[in-house]
Amino acid sequence: MREIQRVGVVGAGQMGGGIAEVAIRAGLDVTMVDVTDEAVAEGVRRLDASMSKAVDRGKLAEDDRRSARERLATATELEALEGSDVVVEAVVEDREVKARLFGRLDELLGAEAILASNTSSIPIVTLSGATRRPDRFVGLHFFNPVPVMKLVEIIPALTTSEETVAAMRSFSERLGKSPIIAPDRGGFVVNALLVPYKLDAIRFYEAGYASKEDIDTGMRLGAAHPMGPLELCDLVGNDVTLMVAESLFEEFREPRMAPPPLLRRMVSAGLLGRKTGEGFYTY
């Protein structure tokens, strides 16, 4: 399998933009695609702001920022991804949307190209079934914020080849990440352990056992967590936590994985956390 040099990213949101940023900073050529010019422009704005902040903090030289920025191309059509060595999908966490996208990418890309999904919960084998390259299909789960978080979960499906896994390990390490191999089961490694913990915290708060501040302070100071579980829900997005919880519950049917009523109502009310300015806390 050829060395990865040209990277496609589908989705210019927070995750897609972050993946594009770490790739261009690693010396790779990146094409980032989203459905509208406005979405692409917003993604580029966030990427530029992130790299400028890295320069201000002394973590990125100005010359390196400029050269990295020159390696970024953008588009609103998937055809711009032709010739990519790997394409990483980072669109909405919807199984049908992702499957349709991968079917189209499978038609466009060369036979050696790898398709990777940044899904946080959808079974990889399900998505790979939308393509004719199940051996070159893999989960590649980054964590938010991508330029800061060092972990990447590589999730092989039953049909993923060892060659593809090795290529994704090398790719992840080139991006400065520490990859782990995760099973193709709901939540993989991190979310399978983390999401039930967050749901427990929501139920604890919903039942009135403790205030949200005391729950978060308790876990920060008592368990040495960098932030409490309700603060983490707001950072990740309460809608994302809900979607992952629904996926976990659908697969395992364990009561602890069922989304609490409070979480559903907060999402219905648009209280998604930091990205909307209000969740468990006001920002």
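## Helix 7 against helix 10

In this predicted model, helix 7 (residues 190-206) and helix 10 (residues 238-252) have axes that come within 10 Å and cross at roughly 110°. Helices are DSSP runs of H or I with at least four residues, and strands are E runs of at least two. The two helices are therefore roughly perpendicular (65 to 115 degrees). Their crossing is left-handed.

Helix 7 contributes Asn191, Val195, Lys198 and Leu199 to the contact (heavy atoms within 4.5 Å). Helix 10 contributes Thr241, Val244, Ala245 and Leu248. Five of the contact residues are nonpolar, two polar and one charged.

## Salt bridges

The structure holds 20 salt bridges (Lys or Arg side-chain nitrogen within 4 Å of an Asp or Glu carboxyl oxygen). Glu3 pairs with Arg174 at 3.6 Å, N to O. Glu3 sits in the segment before strand 1 (6-10), Arg174 in helix 6 (residues 162-174), 171 residues apart. Glu3 is exposed (over 50% relative accessible area) at 62%.

Asp200 and Arg256 form another salt bridge, with the closest N and O atoms 2.6 Å apart. Asp200 lies in helix 7 and Arg256 in the loop between helix 10 and helix 11 (261-268), so the pair ties together parts 56 residues apart in sequence.

Lys98 and Glu89 meet at 2.2 Å, N to O. Both are buried (under 20%). Glu62, Asp63, Arg65 and Arg66 are linked in a network of salt bridges.

## Basis

Residues are numbered from 1 along each chain, and side-chain values use heavy atoms, without hydrogens and water. Local features need pLDDT of at least 70, and side-chain atom pairs count only at pLDDT 80 or more, while totals for chains, interfaces and linings use all residues.

Key:
Axes fitted to C-alpha atoms, helices over the stretch in contact; angles between N-to-C directions. Parallel < 35°, antiparallel > 145°, perpendicular 65-115°, else oblique. Left-handed = near helix turned anticlockwise from the far one by under 90°. Nonpolar A, V, L, I, M, F, W, Y, C, P; charged D, E, K, R; others polar. Buried < 20%, exposed > 50% of the residue type's maximum accessible area, 1.4 Å probe, protein only.
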